[in-house]
Amino acid sequence: MHTSLASLPSRSTLGAIKTIELIWFNAGGGHRAAAQALERVIRDQERPWRVRHANLMQVIDPKGAFRRFTGMEPEDLYNKRLASGFTLGLTQELKVLQRAIRWGHSAMVKRLTAHWHCTRPDLVVSLIPNFNRAMHDSLALARPGVPFVTVLTDMADYPPHFWIEPDLAQHVVCGTDHAVAQALAAGCKPGLVHRSSGMILRPDFYAAALGQRVADRVREGLDAHTPTGLVLFGGTGSRAMKGIAARLPDVPLILMCGRNATLADALRALPARAPRVVVGFTTEVARWMGLADFFIGKPGPGSLSEAVQCGLPVIVTLNPWTMPQERWNTEWVREHGLGVVHRSFLSVRAAVDEVIRNLPEYQARVRRIDNGALHEIPQILERILDQARAPVVNVRQIPVAVSSSGYPRDVIRAARRART
């Protein structure tokens with residue numbers, strides 16, 4: 001667990017230092033990146049908050065039983081699927097996962113309750129899906145009256161029981177009008193639904209310097225003025241990148257492979273007539289995007305938002321292999337005219353030709369998207385903290401025993417009622 005303490009400005013209306021706990025895990029990488037970005041902006045804004053962040057998997061499995069039994073972390077199964085590109089069937093696997101989470105609910109609530117007793121947060125911010133009911137219920141038991149906030153790092157929910165749990169006292173922060181409509185349609189109280197202008201991005205995506213663009217492209221071996229694509233499939237890359245590169249031998253490309261060294265070697269070995277730059281793991285994704293003219297990749301909420309923030313039209317696919325929680329993102333691309341959506345990358349040549357042919361028009365539409373979520377969300381959290389009130393009922397007064405295996409349903413229901 002990591003903790004940082006912001007300086008204490010005189011403008012504080014909160015009195016004592018407040019502890020904000022950010023919850024993430026490593027499935028995909030975007031959740032941890034969002035937590036790190038949020039912590040940094042809170043520090044930069046000099047808010048009087050002590051920020052902690054915790055990996056949920058380490059909290060609910062502190063002795064690493066899953067790793068000892070399987071030889072890998074729980075998130076590794078998901079990340080390996082992303083790297084292989086074989087994501088068909090994730091919809092069914094998600095249902096199995098959610099059933100397992102419901103089956104283990106009592107045990108998770110018990111462990112999380114002990115965790116909140118130790119960390120004593122004044123506000124908990126979840127940046128992950130699927131586990132929000134367990135986090136909410138355990139917080140209601142350990143810290144009644146403490147607000148529980150879920151910040152969606154997806155552009156849309158994938159109901160039921162993914163991001164939004166409408167029968168809980170769960171604040172939800174949504175980055176699109178569609179997600180807001182989903183929350184309200186599910187029965188969330190309007191006062192618990194908050195709109196930000198997009199997904200959380202790292203601060204460097206707001207400070208990208210374009211003045212050295214021409215010189216930097218030449219330095220990297222790229223032509224200064226030929227439209228150049230950036231290919232990105234998350235932090236582990238994807239085998240799909242080899243097919244894309246093979247079909248675009250005469251298009252200058254920046255190929256972002258992340259930690260996938262095997263993929264990077266294979267891409268360097270591919271013949272090409274146009275300049276190619278193969279990039280391994282880097283923290284300078286914003287700089288590389290600043291050197292490109294368009295984006296090719298999967299419709300992940302993070303990479304799409306980063307590309308658009310850097311002014312890049314996008315080329316993405318929608319098919320049965322598209323992860324279920326990312327399918328609506330292609331509707332967002334079409335609705336705003338931000339790029340091209342094809343069924344597969346077999347037609348990537350035609351997609352690139354279309355984007356290059358109409359590049360000024362696509363770029364103009366991309367520039368209309370104004371995402372200030374990173375700076376807006378701390379303001380939302382401050383309002384929630386200001387509105388928080390002491391609990392009406394102390395959970396210790398609820399006359400129901402706690403079993404040795406976990407908390408019974410009637411205890412949890414009483415705690416929810418006390419919070420509401």
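A residue is called buried when its relative accessible area is under 20%, exposed when this area is over 50%, and partly exposed in between (1.4 Å probe, protein chains only). Residues are numbered from 1 along each chain as its sequence is written, and side-chain values use heavy atoms, with hydrogens and water left out.

Next, display the secondary structure. The protein has 18 helices and 13 strands; these are DSSP runs numbered from the N terminus (helices: H or I, at least four residues; strands: E, at least two).

Now select residues 348-357, which form helix α15. Which residues of this helix are buried? They are V348, A351, V352 and V355. These residues lie on the same side of α15, because they cover an arc of only 95 degrees around the axis, the arc being that of the directions from the helix axis to the C-beta atoms.

Finally, colour the model by pLDDT, the predictor's confidence in each residue, from 0 to 100. The protein averages 86, but pLDDT stays under 50 over residues 5-14 and over residues 390-408. Where pLDDT is low, the predicted coordinates should not be read in detail.

Conventions
Predicted model: local features only at pLDDT ≥ 70, side-chain atom pairs only at ≥ 80, totals over all residues. Contact = heavy atoms within 4.5 Å.
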